[in-house]
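Hi everyone, thanks for coming. Have a look at the screen, and I'll walk you through what I picked out.

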Amino acid sequence: MTDSQYHDPIERILDLIEQTRFDDLPSDAVSAAKVFFLDTVGVACSGKLAPKMDALMAASARWGTPSEASASVWNTGLQAPGPVAALINGYQCHALEYDCVFEPGVILPTPPIFAALMAKVDELTAQGRPPSGRDLLRAFTVGLEVSCTLAGATRNAMFFFRPATTGVFSALAALACLDPLPREQLRYAFGIGYSQMCGPMQAHEEGSMMLAMQMGFAARNALQAHDMARMGITAPVELLSGRFGFFNNFEHEHELSAALDAMGAPWKVTQLSHKPFPSGRVTHGAIHAMRGLRQELGLTATNALERIHGIHVTLPPLGMRLVGRPMVHQPPPNYARLCIPFVSAAEVVFGGVDPTTFVPECLGNPVVEALAMRVTTEEKPHPNANAFYPQTLTLTLTNGDRITREIPYAWGHPLLPLSAQEREDKFRLCWHLTREGNAAQNQQMEAMIAWLNRLPEALDAAPLVALLAAAT
C-alpha cells in the first residue's frame, strides 16, 4: 500500500514496482517482452558501430578502474565501474537510431533500461545472485511500463529529450525489480535520479552525438541513484506533481491521472513499434513508401536523377521538428539519420537503408546528395502535439506523372508489424555487421536467437552476458 504520508503520484509507480511479479504478467505481455528484448540485444550488438567509441573509451579510462562492482562495456571485452559501463552501453544502444519506439509518448524506451539492467546483472552475478530469465523480463517490462506511462501522459510538444528524462525513472524501476530497496530508500532513489535528470533537445536539433549520450547519462544516473539511496542519501519526494516536479519542470501539459489508471491495461510493451531502419522513427514512413515506389517503378542509382523530378513529404508539426530538416553537404551521421531528404534518397540509390548507409562514403555520395536536394518537407497542422502521422509522400517524375502515397503509420507499427522472420533477420543483420561470419559464429548467433526466444526458462543470464561482453 502507498505510505499515507506521501501523496505524490510517484507512489503509484513505486506500487507497480513492488507489487508486480512475473506471474502477474499476461501472456501477450510476456510474448511482446521477449520480442523486444531480442530486438534490444541485437541493437546492443550493433552498437560497436557507434561513432567515436575509441574516443569515449579513452575518456572513460579516467573515470575509475574496474573492481568487484564492475560491468562489461559491450563489444569491447573490457570492464569498467558499473555507472561508467552503463553510460557507454546506453550510448551504444541508441547511437544507430535502431532501437524500438513507444510512439504515443514519443520515446525510445529501451536503452536506459537495458544498459542499467545489464550493469546490475553483472554486479549481482559477481555476488553469486544471478538473475533468471524471468527476473530479466519482469524488470524489462516494468521499466518499460514506467517510462511509457509517464511519456504517454504528456500532451505538450517535446522540449526536453523525453526518452532520456523518463529513462531515468524507467531504468530505476528495472534496477529496483532486480535489486529491491526498502520503500523509503526506493522513494529517495527516484528523487536522486530526478535531481540528476538531463536531456535538452538542442542535441537533437543539431544532430549531435549528445543525443544518444543522453541515454547513457540516464542509465548511469539511475545506477548511481540506486547506490546512493541504499547508503541512506535522501532526496526530494514530490517528484511528479511538486511545484518543481517533473510535470512542472520538464513537461507542462498532461493527463497523468488517467495514464496511471491505465498502467498494465494493457502493458505498454505490447504497444511498441520496431525500427526496421536505423534512422529517426518519423522518417520510416517516407523510407518505406520510397521502397515500394522504387520496386514498382524500377528506380535505381543509375536512373534516379533522370527520372525523379522531386519528392515532397507532408507531416505533423512534431515530425517536421524532428526530421524535416533540409539536406546539407556531406551530413554527419547523426544529422543524416534524422533527415527525410537523405534517407529517402538513400533508399533509392542504395536499394535500402541499414547501418552501412551512414558511413562516410555513403554520406558523401554525390548521387544521394543531388537526389536529396530534390526532396522537400512541409508541416501540416495536427491537434496532437505528439503525433507522428498522418504523412503524405508525393513523387513527381520528370515526365510529369505524380504518384501519392498516404502514410497512416509506418512499417514496424503494431498495425503494420514486422513478421517473426523479419524481426530475427534484423538481429542477424546487427550480428553480421559486427561479428565474423564464419560457421562457428553463425551457429552461436542462431543459438542466441533460440535462447532469447526461450528466455523465461533461463536460470541465469550467463549466455547473454558473454555475448554482450565479447570483443568483436
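Let's begin with strand pairing: two strands pair if DSSP finds at least two bridges between them. Strands here are DSSP runs of E, at least two residues, and helices are runs of H or I, at least four residues, both numbered from the N terminus. With that in hand, strand β3, residues 308-315, is joined to β4 by five bridges, and the two run parallel. Within that pairing, L315 stands opposite E379 in β4.

Before I go on, some housekeeping: this is a predicted model, where local features need pLDDT of at least 70, side-chain atom pairs count only at pLDDT 80 or more, and totals for chains, interfaces and linings use all residues. Residues are numbered from 1 along each chain as its sequence is written, and side-chain values use heavy atoms, with hydrogens and water left out.

Now the helices. Contact means heavy atoms within 4.5 Å.

Next, S170, which is in helix α7, residues 162-178. Is S170 buried or exposed? It's buried, with a relative accessible area of 0%. (Buried is under 20%, exposed over 50%, partly exposed in between, with a 1.4 Å probe and protein chains only.) Leaving out residues up to four places away in sequence, S170 touches P109, I113, G143, V146 and S147.

Last stop, the rings. Phe, Tyr and Trp rings (for Trp, the six-membered one) pair if their centres lie within 6.5 Å; planes under 30 degrees apart are stacked, over 60 edge-to-face, and the rest tilted. How many aromatic pairs does a search of the whole structure find? The search finds 15. One of them is F159 with F160, which is tilted: 5.6 Å centre to centre and 55 degrees between the planes. F159 is partly exposed at 35% relative accessibility, and F160 is partly exposed at 24%. Ring pairs also link both into a cluster with F169, F190, Y194, F246, F247 and F250.
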